[in-house]
Each structure stands twice: as C-alpha cells, then as structure tokens.
Amino acid sequence: MEADSLKYRRQREAMVRKQIEARGVSDSAVLAAMQKVQRHLFVSEALRDQAYGDYPLPIGDGQTISQPYIVAEMTQALQLNPDDRVLEIGTGSGYQAAVIAEIAFRVYTIERIHSLFVKTRALFDRLKYHNIVTRYSDGTTGWSDQAPFDAIMVTAGAPDIPPILLQQLAVGGRLVMPVGDQHVQELIKLYRDADGIHQTKMGGCRFVKLIGEHGWHE
Ligand code: SAH
C-alpha cells in the first residue's frame, strides 16, 4: 500500500468538508468512505495534484472519473447497508467502486473498455480491495449470474434505464443512473418495493455515454 501522504490527506479533508458536506451529503458512512479512499491513486500520476479538485478528470480512452461531489451524492442515494451486494456499470478508474466497497459487502463492477478493465483490476489488487469483483463485458445486460442486487449504480448516461437492470434489482433495492441525451442527463433514483418501481429525479448532470446493447450504439 502506498503511503497516504499528509498533503493528500489534508486535501481530502477539505474536499469532504467544502465540496460534499457543505452541499448537503450527510450520510456518515459515505463521508467516512470519501475521507478514506485515496482518490489520487485512481488518476494518472500527472493528475494527482488535481485529484481532490471540484471537477471530473480524464482517465484515458475518452472516459472520466466523476467529480467527488457526484460520487458522494450517488453513493448516498443508494442508501447502502453493510451486507448489500451492489452492481456498478462502468468501472472506469475504479474510484466509485472503491467508495462503495468501503460501505457495502461486495461490489460487482463491469467495464466495456479492455485497457481500463485490466488497469483497474490491477489497482484493486494492489490496494487489496478483495470485495470488488470485476468483469469485462457490456454492462447494459447486467450480471444475471449474480442477480438480484440490493443496489445498482450506472456511471454512464443512456436514453433510458435498461429494463434488464430493473429485473436484476431485488425487492427493496435501489438504482441510480443518469438518463438523457448525449450532452446532458438527469440523475434518476429508483426504489423497488412489493408494489413496483418508484422513481425520483435528483437533478441535472453530465456523464460519458453508456454504450451497448441497451444503451447508445457506437
Ligand atoms: N465509475 C467510474 C466512471 C467512469 S466513466 C469511475 O469512478 O471512474 C464511465 C465508464 O463507463 C467508462 O469507463 C466507460 O467505458 C464505461 N462504460 C460505458 N458503457 C458501458 C457498458 N455498456 N458496460 C460497461 N461499461 C461501460
């Protein structure tokens, strides 16, 4: 494990206080996870000093690691419990999966770009995230072998919520996903109970495209 330098720890404290708590994220497990996960290790060395800034950053292959506040807000929306099994679509840098892995029992995360999949799997091993299971495939069809999930997070935007993901959500489960066109989306939160699906809107956002069978076509 890399030394977590005092400099980065202080930047992380300021990030949690000014960007996340100040904007209303209050779930103590989420705040603790954001304080713990070393975001600077999930970006390239050249970008480390920007890792705790209030913006997304490029991670290669035209993809991005989300702004810290968005990661915190989406994680809080999942209302995670320590025994939850969570599906994430869009592994990317691995940062969001690591934040979830600090709170939930296990994270199943899918990435469609092979180079990101390989690089991030190696990082999870190096940082000893033994409760993150990775897969290289099209996440828009979900992960049927491991369903149902207590929570599902999609970290790329699509015109609609892939119906298969709703089928893979447990009763009592929560799903968060950006839905909209290719330029701007709305963060949608779903809750599934015995009566069906209940949907709420969380506000505007901007994500890279979810590309696949039930997303955008390349
Ligand atoms: N959660 C990531 C965000 C990365 S950006 C992080 O914390 O860094 C979104 C990611 O979704 C990209 O890596 C992109 O390649 C991936 N993606 C897009 N469509 C996908 C699909 N159908 N299945 C799996 N991953 C997909």
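Analyst: The crossing of α1 and α2 is right-handed, a term used when the near helix is turned clockwise from the far one by less than a right angle, anticlockwise being left-handed. The axes of helix α1 (residues 6-21) and helix α2 (residues 28-36) come within 9 Å and cross at roughly 145°. Axes here are lines fitted to C-alpha atoms, for helices over the stretch in contact, and angles run from 0 to 180 degrees between N-to-C directions. Helices (H or I, at least four residues) and strands (E, at least two) are DSSP runs, numbered from the N terminus.

From α1, the contact draws on Arg9, Arg12, Glu13, Met15, Val16, Ile20 and Glu21, and from α2 on Leu31, Met34, Gln35 and Lys36; contact means heavy atoms within 4.5 Å. By class, the residues of this contact are five nonpolar, one polar and five charged. Nonpolar covers Ala, Val, Leu, Ile, Met, Phe, Trp, Tyr, Cys and Pro, charged covers Asp, Glu, Lys and Arg, and the others, Gly among them, are polar.

The model is predicted: local features need pLDDT of at least 70 and side-chain atom pairs pLDDT 80 or more, whereas totals for chains, interfaces and linings use all residues. Residues are numbered from 1 along each chain as its sequence is written, and side-chain values use heavy atoms, with hydrogens and water left out.

The ligand is surrounded by 26 residues, the closest being Glu88, Ser93, Glu111, Gly139 and Ile211; a residue is counted if one of its heavy atoms lies within 4 Å. A polar side-chain atom of Glu88 lies 2.9 Å from a ligand nitrogen atom. For Asp138, a polar side-chain atom is likewise 2.9 Å from a nitrogen atom of the ligand, while for Gly90 a backbone N or O atom lies 2.9 Å from a ligand nitrogen atom.

Two backbone features remain. Most residues other than glycine have a negative phi, and most peptide bonds are trans. Asp61, however, has a positive phi near 55°, and its place is in the loop between β1 (57-60) and β2 (63-65). Ala147 and Pro148 are joined by a cis peptide bond, with omega about 0°; Pro148 lies in the loop between β5 (132-136) and β6 (149-154).

Finally, Gln63 belongs to strand β2. Not counting residues up to four places away in sequence, Gln63 touches Leu57, Pro58, Ile113, Leu116 and Val208. Gln63 and Ala156 are 93 residues apart in sequence and 9.6 Å apart in space, C-alpha to C-alpha.

Conventions
A polar contact is a pair of N or O atoms within 3.5 Å; within protein, one must be able to donate a hydrogen and the other to accept it, and residues adjacent in sequence count only if both atoms are side-chain atoms.
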